[in-house]
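Work through the exercises below with the sequence and the model side by side. Try each task before you read its solution.

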Amino acid sequence: WYQDFCDALATHWSPPPRGTSSRVEQIQQVLLHKLRHANTQLRVLFRTFDIDSNGRLTMSEFKRLLQNYAIEVTDAELAALMRLYDSKATGSIDYESLCDKVYECNFASVLDEKKALVGADAVQELDLGDYLHHVTHQDQLKAATDAH
């Protein structure tokens with residue numbers, strides 16, 4: 001179902017606009033644009049460049065994918081891009097990690113800049129970063145409580 005989900009996103013999803021600053025970010029934006037907007041079937045593309053059919057793109061396989069889109073990179077840029085797409089830090093890119101990066105869903109824009117949290121004592125105004133920290137902390141406390 002995950003592969004079908006990624007294929008559906010390819011035809012119905014648009015990313016939020018972002019500014020880029022570094023060369024690696026610029027290369028990444030070009031690649032993402034090409035992968036998202038060229039009627040690319042990501043699963044077929046992945047299988048095409050996964051030469052050894054092991055379900056993972058090695059650095060050389062990923063470089064061939066970039067070259068297919070006329071994206072030339074230095075070894076340092078390639079390593080930086082690999083690190084961005086290799087979310088599990090395995091030294092290669094699996095299909096799920098590629099999909100997660102290509103069809104990145106960022107729900108932070110749904111949150112307001114300020115969130116009111118109701119505690120036992122009072123309402124507390126937190127900025128977005130503090131709010132996310134608070135939620136993470138609450139999840140950790142709940143997990144620790146559930147474990148006992």
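The exercises go from the whole chain to single residues.

This is a predicted model, in which local features need pLDDT of at least 70, side-chain atom pairs count only at pLDDT 80 or more, and totals for chains, interfaces and linings use all residues. Residues are numbered from 1 along each chain as its sequence is written, and side-chain values use heavy atoms, with hydrogens and water left out.

**Exercise 1. The whole chain**

Task: list the secondary structure of the protein, then describe its burial and its surface.

Solution. 
- Step 1: count the elements. The protein has seven helices and four strands. These are DSSP runs numbered from the N terminus: helices are H or I with at least four residues, strands are E with at least two.
- Step 2: read the order. From the N terminus on, it is α-α-α-β-α-α-β-α-β-β-α.
- Step 3: check burial. Of the 148 residues, 32% count as buried. Buried means under 20% relative accessible area, exposed means over 50%, and partly exposed lies in between (1.4 Å probe, protein chains only).
- Step 4: take the surface. The accessible surface is about 9700 Å², and carbon and sulfur atoms hold 53% of it. The areas come from the Shrake-Rupley method with a 1.4 Å probe; for residues, only the protein chains shown count as cover.

**Exercise 2. H4 against H5**

Task: find how the axes of H4 and H5 cross, and which residues meet.

Solution. 
- Step 1: locate the helices. H4 spans residues 59–68 and H5 spans residues 75–85.
- Step 2: compare the axes. They come within 11 Å and cross at roughly 100°. Axes are lines fitted to C-alpha atoms, for helices over the stretch in contact, and angles run from 0 to 180 degrees between N-to-C directions.
- Step 3: name the geometry. H4 is therefore roughly perpendicular to H5. That class covers 65 to 115 degrees; under 35 is roughly parallel, over 145 roughly antiparallel, and the rest oblique.
- Step 4: list the contacts (heavy atoms within 4.5 Å). Met59, Phe62, Lys63 and Leu66 of H4 meet Asp75, Leu78, Ala79, Leu81, Met82 and Tyr85 of H5.
- Step 5: sort these residues. Eight are nonpolar, none is polar and two are charged. Nonpolar takes in Ala, Val, Leu, Ile, Met, Phe, Trp, Tyr, Cys and Pro; charged takes in Asp, Glu, Lys and Arg; the others, Gly among them, are polar.

**Exercise 3. The buried side of H4**

Task: find which residues of H4 are buried, and what covers them.

Solution. 
- Step 1: pick out Glu61, Phe62, Leu65 and Leu66.
- Step 2: look down the axis. These residues cover an arc of only 145°, so they sit on the same side of H4. The arc is that of the directions from the helix axis to the C-beta atoms.
- Step 3: find the cover. It includes H2 (23–37), H3 (42–49), E1 (56–57), H5 and E2 (93–94).
- Step 4: zoom in on Phe62. Its relative accessible area is 1%, so Phe62 is buried. Beyond residues up to four places away in sequence, Phe62 touches Leu31, Leu57, Leu78, Leu81, Met82, Tyr85 and Ile93. The C-alpha atoms of Phe62 and Ile93 are separated by 8.2 Å, although these residues are 31 apart along the chain.

**Exercise 4. Positive phi**

Solution. 
- Step 1: recall the background. Most residues other than glycine have a negative phi.
- Step 2: take Ala70. Its phi is positive, about 60°.
- Step 3: take Ala89. Its phi is near 55°.
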